[in-house]
Structures are given as C-alpha cells and as structure tokens.
Amino acid sequence: MTDRLIGLLLALFAAGMYYQSFFFKQPPFQTFQGMGAAFFPRGILIGLFVLGLILLIKGDGPLLPRWSLGGLRAALPRYRGVIISMLLFPVYILGITLIGFLYSTIIYMVVMQLALYPRRDISVLYVFAGSIAFSWALVEVFRRLLNVVLPAGSLF
Amino acid sequence: MFEAWMIGLGAALQPHVLVATLIGVVAGIIVGLIPGFTIVMGVVLVLPFTFAMDALQGIATMIGVAVGGSSGGLISACLLGIPGTPSSVATTFDGYPMAQKGEPGRALGIGTIASFFGSAIGFVILATATPPLAEFGLQFGPWEFFSLIAFALTIIASLSGTSLTKGLIAGLMGMFMATVGLDPMLGIERYTFNWVELQPGFAFLTVLIGLFAWSQLMKDVERRESPTYDHRAAPNVNIPYGRVFRDMWNSKIAILVASLVGAGVGIIPAAGGSVANILAYDQVRRTSRHPNQFGKGFHEGIVASEAGNNATFAGALVPMLALGIPGDAVAAVMIGALLIHGLTPGPLLMTTQPLLAYGAISTFLIGAFMMVIIQTQGMRLFARLTLVPYHVLVPGILVLTAIGAYVLNNRIFDIWVLFFFGLVGYFMAKNHFELAPFVLGFILEPIAEINIKRALQTDGNLLLFLTRPISALFLVMAFLSVVYYFWSTSRDAARARSAHPVEPEK
C-alpha cells in the first residue's frame, strides 16, 4: 500500500472518528471549560488528520498502487505462510469457543506445522505426538500451577 | 536509603524470587538465541505466567528474561551470522568472522563475559541515578508530566525509524486506541459502539502481544530464514577462559565506553538495544587504537556490542522506576505488569514501595550473575537450540500468545483483540511504521490526558506550560529533538549527494 493512500485513509479515519465524538453521551453536570470526554480524543484526531494530509501530499509513490494479477501470483509463494497463519488463527479462536482449548490447540498445531513445513518428508506421527504433548502440558501447567482453567468449549 | 537497599536486596534474595529470576534468565537466553524472536516477545510471553506471582517475583522473572535475552542473541549471531535479537546486530560484525576462523568458543566467551560487565556497569548507573531522579520527579506537577510525555513521544518519533511523520502517526494512533473505553475522569463511553466488551478499553498486554509477537512472527514466517534441522553435531563451543579473560583485560576501556553509551541510550525513551549496540560499536571503534581490525573478528567489536546492549536495559529501567516513563518496550511491559498488580509506577514508587523498587534493581545484578554462569556452562545445549525449525516454533508461540491474551480477563474477546492488533502490527511493519511509538503512545495517553485536564482545571493559563521551568525544559527538548531530526536528515541527504554526484546532462 502506498504512503499516499495510507495518508488519505488516515485522514478519512480521523475525520470519521471526530464526527463520531459528537455522539458521546454528555455528563449530567457542566464540565469545566468544555473539557468533556471528547476533548482529548479530538486533539489527537486533529493531529492525525494533519499528519494524514502531510503523508498524502508528500508521500512516495502514486495514490493508488498498481497491482497486477501476475504480480500478485508472483508474490503468493512469499506470503503463503502469512496468509495461512492469518486464516487459521480465527478458525482456531472459534474452535476454542466450540470444542475447547485442548482439542482446538492440538488440531491447530498439527495443521499449522503441516502447512508451514518446507519439505514433504515430515513425520506426521511426530507432529501429532508433539502437538498432543505440548497442548496437554500447557493445559496442565495453567490448571495445576497457575490456577487458570482454560476454556472447555460450549459443545462439551 | 541504606535501609531501603537492605530491604530490597533481602527481598531479591528470597528463594522464590531467586527461582523466578533463574527461570526468567534461562527463558530469556533461549528466546534471545532464536533468530527472529525478540526480547520483548519473550517478556510478553512470560507475563501471563507471572499473574499468580507477587509483584517482585513477576518483575524479577521479566528482568531475568531481559538480561538473558540481551545476552542470548550473541549465540546465533556468532554461530550463524544471524542476530538472535535486534540488539545483537553489531555482534555479527566480529563474532561471526571470529567463529568462522575456528574460534567460536572464544567469540561466545567474550560476548558472554562482556554482557556481564555491561550489566554490572549498567547496574551501578541504575542504582545511582534512579533515586535522585525519583526525588526530582516528586517536584513534577501535571504541567511537567504532560510536557515530559510530549518530549518522550517526539523523541520516540524522531529516533525510531526514518520518517518523523510516520513515527508521529504511530504515536498518535497508539494514543487514540487508548481512548477507546471509558473516559478516565468522567466515566463516559468513547468509541465503544455499544459493545459491552469494549467498555474497559483494549487491554494493554493484549495490544502489546498482538503488536510485537504476532507481527514479528508473521515477518519471520514470510522471511523463512530458519535453518533446517541438522542432525550433524553442533560446532565445538568450548570456551578458552584464559584467552577470553586476557581479551577482557585488553578491552577494559571498550567495556566502559560501550556500557556508558548503552546505558545512556537506554534512558532515552524508545531508543532501546537495537540502537544501542550499533552506537556502542561505532563509539568503541572510534576510540580504539585498532579501528581497522573491526569487522574482521576483533574481540573489541564483540565486547562493544554485548556490553552496550546489556547496559541499555539498565538505562531503560531508570526512567521506568523513577518517573513511570518506560525507557523501552520491555520496560513498557513491566509498567503493565505493575499496573496489573495494583501498583502505580512513578516517583512515589521508590518511597512507598522500596521493597519492590530496590528489589527490582537488585534483581538486575543477580540476574547478570546467573546469566554468565548459565550461559557459559550451558553453551553446548544452547548452541543446539539454534537449529530448532520455525514450523515447530511459530504455531507454539502463536498458541502462547492466545493463552496470554485469554488469561488476562478470561475472555475469548481478548484473543480477537490480539488478532486484530496482530494484523495492525503486521500492516505497520510492512509499511515501515515503527511499533515502539504506537505502544508508548498507548501507555502514555491516560497519563497525558489526566495531567492536561488537571493542569487546565487548576489554572486555565496555557502559558504555565512554558513559564514553569521544568515543563519548559521538556518542551524545549521536544522541539530540539524535532529540529535535530530535520538537521540530521538533511545532513545525511547532503552526504549522499556528495558521495554520488549527479553529472549534468551534456
């Protein structure tokens, strides 16, 4: 993403949040010199708006990045691991909610290791065994030593 | 003050605190030696484990991680040529060439002993500078605190990264994110969009874990510089102690210079170990009698980097303990830990909590002793750990970040917040926005907001920010830091133009 596009988006964000500040509830008493809840955020947002404009005007590159299908395809191998990690993590969080920490962590560890491993000669047995041991150890350490019960999941 | 020192030292020598420090040092060395993992990540990951401990024990663990991590980075720097942490970049300049010449043990020994001396000198600075600075801080009113924060943010923005605009944007975005939730004085909801979960605001630790751990891991996954697992024996890392101690004696001036530079850099907010080790290396090279030997496996080069980066953390603790202003991201995490334990960092901490304040300072030196013993004796094992592949580490670390976010408030929502800030951190890193200004803005916003409101409610005269001497001093320093930034940028541009002159078209 180019600096100029970031500057534009930042200025729009600051303006939007500044507008949103007018919807803050007012206290039932007169605030001193108008220094209500919106006072400080508005000061920050004015600064962000100005800096966003500076970045828009003085930033490098065009306003809109020039993406091509070929360029995206070429970049895909480099970002493959990142995309996989970013897609799997929300699934993992949903899994914790549904089936609990232990089972979702085992599945997550196995899938992530298989997805990130650079070669095909990985031992699936070792991956499973390591994932189960690691997940179980974490649950036990937090439960017995730290008195923290990790979520059991809504399905159980 | 002597009584306070005795209380603190006695508390630091309690068995449960010593064990916590030991665990922290070992964890720190391991985190430090793995390329791509930062000391901040290590401190953030151990933080959830400290919730069940008392405040000093928790702080001792984190100080142990920082001391161990500052030194652990030299192991992969020397053996692999890849810095284990950003604070070990300069160690690769001479540590790796020395190891390549067949002296890996000597390189590792020099780095470890230099780390110890850097920590020891840093401890002296920490112990002598913190109490008087805290007393000075007791004179601060709300005007001074607000001006100090303005100075800290401009320093952060101008020192970190190459763009002042981006540094300021990062700092202000961090401050804006901290306004989400309830107004600290009026209790009015701000930017919660009627989500009950957002009323307390974003948890500081969740933000920190997401920004630093997640974004760093994604960069590592993208880079995939992990060495593949090698079943061959690890390199011979026997340390020749006689030779190493002779090298130390011949580098005594370098140790002192590097430690002073490191501690000085550490005191400045946000300029942490990643800046200190390179600055220290540069300064030692300039003052050395053998400047031409640097970069070719010279022992003073390793000494400079390692003594400098270990002293940096001691410097960062000075403003944290004395004023409640973090000197670097690790100190920022510790402030979060203190807040979780119901303690308010600031000038009063030294007088109202001497056990904690002086105990933390004592722990730093104790940790340094532990580090040098553990690292020298366990060097063979640590050398093997540099070969653990990423596809095993990354999922495990991501799981630990999820636990870290969850245990804070026992809410799944916090794991979603972690993921959100992980995406924010990765986006910032990819577009060359520094993370340190964001984090420090996030921490300092409540202090800034409360103090400016108090100042204006006490006396609405804005000129007081300039007429009160200490406040004026901070504002002038903030202005000068911006001026320095523009001056150094134009100087570097002029040097680049004179080095590569553009020939006129014929």
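Select chain A and chain B together: in this predicted model, the two chains bury about 5,200 Å² between them, with 81% of that area on carbon and sulfur atoms. In chain A, the residues that lose the most area to chain B are A:F40, A:M86 and A:F89, which together make up 12% of what that side buries. Show the residues in contact next; there are 64 from chain A and 57 from chain B.

Stay at the interface and look for charged pairs. The rule finds 1 salt bridge across it. To see a salt bridge, select B:K166 and A:D3, where the closest N and O atoms are 2.9 Å apart.

Now colour chain A by helix.

Move to the surface of chain A and select A:I46, A:F49, A:V50, A:L53, A:I54 and A:I57. These residues form a nonpolar patch, and their accessible area together is about 510 Å². One of them, A:I57, is in helix α2, which covers residues 39–58 of chain A. Is A:I57 buried or exposed? Its relative accessible area is 66%, so A:I57 counts as exposed.

Go to chain B and pick B:I340, in helix α14 (residues 329–340). With a relative accessible area of 40%, B:I340 is partly exposed. Leaving aside residues up to four places away in sequence, B:I340 touches B:F51, B:L205 and B:L408. For a distance across the chain, draw a line from the C-alpha atom of B:I340 to that of B:S490: the two are 150 residues apart along the chain and separated by 44 Å.

The last stops concern backbone angles. Most residues other than glycine have a negative phi. Select B:F193, in the loop between β2 (189–190) and α9 (204–223) of chain B. This residue is not a glycine, yet its phi is positive, near 50°. B:F193 is partly exposed, at 47% relative accessibility.

Then select B:H432, in the loop between α19 (413–430) and α20 (435–458) of chain B. What is the phi of B:H432? It is positive, about 65°, although the residue is not a glycine. At 61% relative accessibility, B:H432 counts as exposed.

Technical notes:
Residues numbered from 1 in each chain as written. Chains lettered and ligands numbered in written order. Predicted model: local features only at pLDDT ≥ 70, side-chain atom pairs only at ≥ 80, totals over all residues. Heavy atoms only, no water. Patch = residues over 30% accessible without salt bridge, like charges linked within 9 Å, V, L, I, M, F, W, Y side chains within 5 Å. Areas by Shrake-Rupley, 256 points an atom, 1.4 Å probe, with all protein chains shown as cover. Salt bridge = Lys/Arg side-chain N within 4 Å of Asp/Glu carboxyl O. Helix = DSSP H or I, 4+ residues; strand = E, 2+ residues; numbered from the N terminus. Buried < 20%, exposed > 50% of the residue type's maximum accessible area, 1.4 Å probe, protein only. Contact = heavy atoms within 4.5 Å. Buried area = accessible area lost by both parts, 1.4 Å probe.
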